[in-house]
Amino acid sequence: MLAFLNKIREIIARWWSDFTLQTRLMAAATLVVSLIMSGLTFWAVNSIQQDARLNDTRFGRDLGLLLAANVSPLIGDDNRTELARFSHRFYSSTSSVRYMLYADEDGNIFFGIPFSESEVQNSLSIRRQMKLPDNYARNIDYPMVRQHLTPDGEVTDVFVPLNHNGKYLGVLAIGINPNPTIVTSSHLTRDVTIAVFVSIWVMVILGAVSNALMITQPIKELLVGVKNIAAGNFRQRIDLPLGGELGELILSFNEMAERLESYEEQNIEELTAEKAKLETLVTTIADGAVLLDNNMHVILVNPTAQRLFGWEGNEQVIGENVLQHLPETVKAQLARPLYEIAASESLVENLRDREGTEFRITVPGATNRTVRILLTTVLDQARENVRGLAITVQDITREVELNEAKSQFISNVSHELRTPLFNIKSFIETLHEYGEDLSEPERREFLETANRETDRLTRLVNDVLDLSRLESNKRYHFEAVELTQPIEQTLRTYQLNAKDKGIELIQEIAPNLPPVLGNYDLLLQVLANLVGNGLKFTKSGGRVAIRAYPLATEQSSASPLVRIEISDTGIGIDPEDQEAIFDRFFRVENRVHTLEGTGLGLSIVRNIIEKHHSSVRLISEVGVGTTFWFDLAVYQDAPLPDMLPQGEAALSGTGI
């Protein structure tokens, strides 16, 4: 039972909570008004009933006195026949009297109209003896009146003492019916009041139910729909069969939701396309890019940044703090600036000053890389709030190497130029100031020294110019070259020099050697440099050989090649020097202190061979000798008329 009552209480509480505050106030106001009106009505009915009772009391008293005055003589004369006739005539003449009872001085009823035992018992609850009220006094001269309820309605009882000639004869009890008009009016007023009260509350309840079903429920559905729309659920629809303004409102809401859904799909497609473009752009750019949020968590990283920071295959970087994954050298320099930016993210002006902050850091690894890191704040559209931080990583290793090489080249050229110039100036000044005091052999020796230094200076300048020309984008005409011609010309050039040093020059050219694709002058310069180096580093009694022979190709589709070798029986090159032998201004004589040179010859050779889309290699052993070789492509029927340096041939079709 308790559970049932609790369930009823919960249902009523839930039902009451569904009503709005306005509905609750209206219900309370209706209750108060209905109670006031009902109270006033019942007060009016009660007043009417009180007046009716008062009138009934007066009427009964007067009627009792009148009847007592007429029947007292008859009772005193003991003329009960006339008493009965008079009483019947009086009872029949009016409907206001319900009963008439006569009792003697002892209370015994001796006559009554209507006189039946059952009726008397129902009216007065007596058994042939009248039970008078406790406060009834015989010695009073006026009637006693009271009201009591019976199954047939309220009855006014009037007890009139019967006195005749100063003698108490008994009592007359008369039952007076209430005024039917007043009773009907009172009942009508009561019924109307109850009907009005019930009607008001029926209307209130029906109005509340109608409000809940027809107005409140649709409004709640609209409220839920608006909340869903605000939350981004544009598929929200309301399906209620309503008409009128509320139905138009629901229809307009559904149209709005449909348009918003269509706009959302279009925006998602556009945003997806733009995101794909942005990701493609970020992925394909040469620089590394890392995007962070305000908490320094990685949002986006492109492959270049993954490669530079060693994050390949590490998908856990996304969403993690970037400082947990940066290399230690990078973390050491970026930790403080990143924390400062994160701590002052609301200070837009300070962050704008930080935009473009640059760091140059060496990242250790298999090959040390030098990177330039730029920190840039990402602001919102109004440029008032910070949304994140962009880290741009540029690999400047090649740039640093080129700058170092440039600085080294300038330093070496300056040093190489200064030495012969200083010697020339010194000997010329000596001849100018002390020429008359010097002997003829001394003046000739000074002039020969100055001439040698001038030749050395000339060679250095020519080598620098050749190297500069080779490293430029100058086009060279390539054609069929018979290798026999540059080889024989080179040997003729160095024949006397080799004879003076006692060195044997040998050429070994395979018979029927096909022509190669190349530039005659450039190949002649390569052979001259290599043969000249061989002669410089070969002692008397040694030999320098030039060989040329075709290479056997295993695949028929491979282009045929011709290999050229220049070998000597000189002092050889240490293994630690073999990798640097082609660098500019690197000279073996710096280590062995034997001969002088510009240190540019082999660098020129490497550049020329690279222009022929090949590479020069060497094998050497200290005290045994050195062999340089390179391969050249055999001339075909339709060769390219102009050749660019290696790596630039792909641009030849554009005229670059």
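Let me start with helix α17, residues 601-611, which is largely enclosed by the rest of the structure, because 9 of its 11 residues are buried, where buried means under 20% relative accessible area. Please keep in mind throughout that this is a predicted model. Just after α17 comes H613, whose phi is positive, at about 60°.

Now to a pair of helices, α12, residues 484-493, and α14, residues 520-536, whose axes come within 9 Å and cross at roughly 40°. That angle makes α12 oblique to α14, and the crossing of the two is right-handed. Which residues make the contact? From α12 they are Q485, P486, I487, Q489 and T490, and from α14 they are Y520, L524, L527, A528 and V531. Sorted by class, this contact has 7 nonpolar and 3 polar residues, with no charged residues.

Finally, a word on confidence. The mean pLDDT of the chain is 76, with 78% of its residues reaching 70 or more. Over residues 590-595, however, pLDDT stays under 50, and for that stretch the model has 9 contacts beyond four places in sequence. Residues 638-656 also have a pLDDT below 50, and there the model shows 33 contacts beyond near neighbours in sequence.

Notes: Residues are numbered from 1 along each chain as its sequence is written. This is a predicted model: local features need pLDDT of at least 70, side-chain atom pairs count only at pLDDT 80 or more; totals for chains, interfaces and linings use all residues. Side-chain values use heavy atoms; hydrogens and water are left out. Axes are lines fitted to C-alpha atoms, for helices over the stretch in contact, and angles run from 0 to 180 degrees between N-to-C directions. Helices (H or I, at least four residues) and strands (E, at least two) are DSSP runs, numbered from the N terminus. Angles under 35 degrees count as roughly parallel, over 145 as roughly antiparallel, 65 to 115 as roughly perpendicular and the rest as oblique. A crossing is left-handed if the near helix is turned anticlockwise from the far one by less than a right angle, and right-handed if clockwise. Contact means heavy atoms within 4.5 Å. Ala, Val, Leu, Ile, Met, Phe, Trp, Tyr, Cys and Pro count as nonpolar, Asp, Glu, Lys and Arg as charged, and the others, Gly among them, as polar. pLDDT is the predictor's confidence in each residue, from 0 to 100. Buried means under 20% relative accessible area, exposed over 50%, partly exposed in between (1.4 Å probe, protein chains only).
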